Amino acid sequence: METPGLVVHGQAASFSTALRSLVNNPQFSDVCFVVGQERQEVFAHQCLLACRCNFFQRLLGTEQGSGVPRPVVLSTVPAEAFLAVLEFLYTNSVKLHRHSVLEVLTAAVEYGLEELRELCLEFVEKVLDVELACEALQVAVTFGLGQLQERCIAFIEAHSQEALRTRSFLELSAAALLPLLQSDKLCVDEAELVRAARSWARVGAAVLERPVAEVAAPVVRELRLALLAPAELSALEEQNRREPLIPVEQIVEAWRCHALRRGNPAQGAPCRRRRGTLPREHHRFLGLPFK
């Protein structure tokens, strides 16, 4: 009776190094990708891509049968991110960089590369900072990455003032901004948050060529105007006349809280303090504790 064979392993490092030398190497390659807005040519090997990734198996299968191989155009993925994907497919390892990891993560999600996605998520959490947090939050919301979204929101809550001043905050979608404005834990005063929301809406209005109030509509209800002092609310009301941002009825409700000298328990959040809310004399009348 023949004894069962035993699998033995050679040096993994030398094997990985040899395969890494094939990444974007035109020698023996049988497929060329044209990637990114720069239309950079990247060379690869169909059999390796097809056996490692179902996305490429389907993609390359549709490209065959036409005689002379044609370049496969992937215009939405930057060349650096695509090369990182290839490095992972060839070697099962990848060198990630802070400035491009979100693009690699996006490609990993789109190509269905679960292991690469997890590696990117771990890396993002290690290097997360003020400049990266809002950008990572947008990626998390776009692709439904719940754990990353929670991590980004927690970071922004702790570094609210710095995060609100970043360019990536101004570029958030309404869907990504909404959970931030709903948070009780933002370390920022409401007056500053209102200014940040206006700046965000102005940028969106310019990009989308739509009115500021229309852009702000999905999120502006989360601003807690009752936390503002009467003088601040009057100034906001005057600015709102010149540049509509907030629905008039929302401002009226804030004035009602002042007039009644109490918050409306049915409304809850509009009168609830945030972690960074600066104290004002009228807050003692709102009667709603911080959570």
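# Pockets and cavity in a predicted model

User: Which helix gives the largest share of the lining of the second largest pocket?
Analyst: This is a predicted model. In it, two helices, α10 (167-170) and α12 (190-208), each bring at least two residues to the lining of the second largest pocket. The largest share is 5 residues, and it comes from α12.

User: How much space lies in the second largest pocket, and which residues are closest to its centre?
Analyst: The space in the second largest pocket is about 240 Å³. Its lining counts 13 residues; closest to the centre are Leu170, Glu171, Leu172, Gly204 and Val207.

User: What is the volume of the largest pocket?
Analyst: The lining of this pocket has 22 residues. Leu102, Glu103, Thr106, Glu135 and Val139 lie nearest the centre. The volume of the largest pocket is about 410 Å³.

User: Which helix supplies the largest share of the lining of the largest pocket?
Analyst: α5 (101-111) and α7 (130-143) each give at least two lining residues. By class the lining splits into 9 nonpolar, 7 polar and 6 charged residues. The largest share, 8 residues, belongs to α7.

User: How many cavities of 30 Å³ or more does the structure hold?
Analyst: The largest cavity has about 30 Å³ of space. At a cut-off of 30 Å³ or more, the count for the structure is 1.

User: Which residues line the largest cavity?
Analyst: By class the lining has 8 nonpolar residues, with no polar and no charged ones. Helix α11 (residues 174-181) gives the largest share, 3 residues. The lining residues are Ile156, Leu164, Phe169, Leu177, Leu180, Leu181, Leu186 and Leu193.

User: What is the radius of gyration of the protein?
Analyst: The C-alpha trace spans about 90 × 50 × 30 Å along its principal axes. A compact globule of 291 residues would come out near 19 Å. The protein has a radius of gyration of 26 Å.

User: What percentage of the residues is buried?
Analyst: Buried here means under 20% relative accessible area. The protein exposes about 15,700 Å², with 55% of it from carbon and sulfur atoms. Of the 291 residues, the buried ones make up 45%.

User: What share of the contacts with a separation of 6 or more joins residues 24 or more positions apart?
Analyst: The protein has 15 helices and 3 strands. Among its contacts with a separation of 6 or more, residues 24 or more positions apart account for 64%.

Note on methods. Residues numbered from 1 in each chain as written. Predicted model: local features only at pLDDT ≥ 70, side-chain atom pairs only at ≥ 80, totals over all residues. Heavy atoms only, no water. 1 Å grid on protein atoms, 1.4 Å probe; cavity = no way out; pocket = protein on both sides within 12 Å on 5 of 7 lines; lining within 4 Å. Points joined across faces, edges and corners; volume = space filled by probe spheres on them. Helix = DSSP H or I, 4+ residues; strand = E, 2+ residues; numbered from the N terminus. Nonpolar A, V, L, I, M, F, W, Y, C, P; charged D, E, K, R; others polar. Rg over C-alpha atoms; globule rule 2.2 N^0.38 Å. Buried < 20%, exposed > 50% of the residue type's maximum accessible area, 1.4 Å probe, protein only. Contact = heavy atoms within 4.5 Å. Areas by Shrake-Rupley, 256 points an atom, 1.4 Å probe, with all protein chains shown as cover.
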